Amino acid sequence: MGTIKSLNKWANAHTYLPLDLLRVALGVFLFIKGINFMSDSIMLMELFKPIQNLAGGMLAVHYVAPAHFLGGILISFGLLTRWTIIAQLPILVGAIIINFVGEMNSANLTLALVTFLVCLFFLFYGSGKHSLDYYFKMQK
């Protein structure tokens, strides 16, 4: 717990508006991907073809769209950012792995890698000063 508090103090002392805008952009991107997955479930099933016979394959299909949809909203507003990003990481690792197991799509691989790296950054950085996490913390 002390580590998270020290990371929050460092992040709040070194917060910049462009980083908060990057967090909002990440949230909007994940939200839009969640909507895309919900509206085009056939495309989502095609992405999961390489792992459809594995245990939990269908569970993963039903986890991805809502996690991106709700996670995008929470990350955009900066609410429970670290927890939400922890929920996104398995999806992003799966997106990276699917490119190597299935048909290689360099655009999807690059997008998944960049999103994964940005999520890792915000996992350590936190939500910043311009977020609901910071606002609720200051209300105490």
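1. A word on terms before we start: contact here means heavy atoms within 4.5 Å. Please also keep in mind that this is a predicted model. With that in hand, take cysteine 119: setting aside neighbours within four places in sequence, this residue is in contact with Leu26, Ile85, Leu89 and Leu92.

2. Together with Leu26, Ile85, Leu89 and Phe122, Cys119 is listed among the residues with the most contacts inside the largest nonpolar core, which has 15 residues. Helices α2 (17-39), α5 (81-101) and α6 (106-125) each supply at least two residues of this core, and α6 gives the most, with eight. A second, separate core of seven residues includes Phe37, Leu44, Val61 and Ile91.

3. At the start, a side-chain oxygen of asparagine 105 comes to within 3.2 Å of the backbone nitrogen of alanine 107. After the helix comes glycine 126, with a positive phi near 95 degrees.

4. Which residue of helix α2 would I show you next? Arginine 23, found in that helix. Arginine 23 counts as buried because its relative accessibility is 1%. Its side chain reaches two backbone oxygens, that of serine 76 at 3.3 Å and that of serine 127 at 2.4 Å. Beyond its sequence neighbours within four places, arginine 23 is in contact with residues including Phe77, Thr81, Phe122 and His130.

How values were computed: Residues are numbered from 1 along each chain as its sequence is written. This is a predicted model: local features need pLDDT of at least 70, side-chain atom pairs count only at pLDDT 80 or more; totals for chains, interfaces and linings use all residues. Side-chain values use heavy atoms; hydrogens and water are left out. A nonpolar core is a set of buried Ala, Val, Leu, Ile, Met, Phe, Trp, Tyr and Cys residues joined through side-chain atoms within 4.5 Å. Buried means under 20% relative accessible area, exposed over 50%, partly exposed in between (1.4 Å probe, protein chains only). Helices (H or I, at least four residues) and strands (E, at least two) are DSSP runs, numbered from the N terminus. A polar contact is a pair of N or O atoms within 3.5 Å; within protein, one must be able to donate a hydrogen and the other to accept it, and residues adjacent in sequence count only if both atoms are side-chain atoms.
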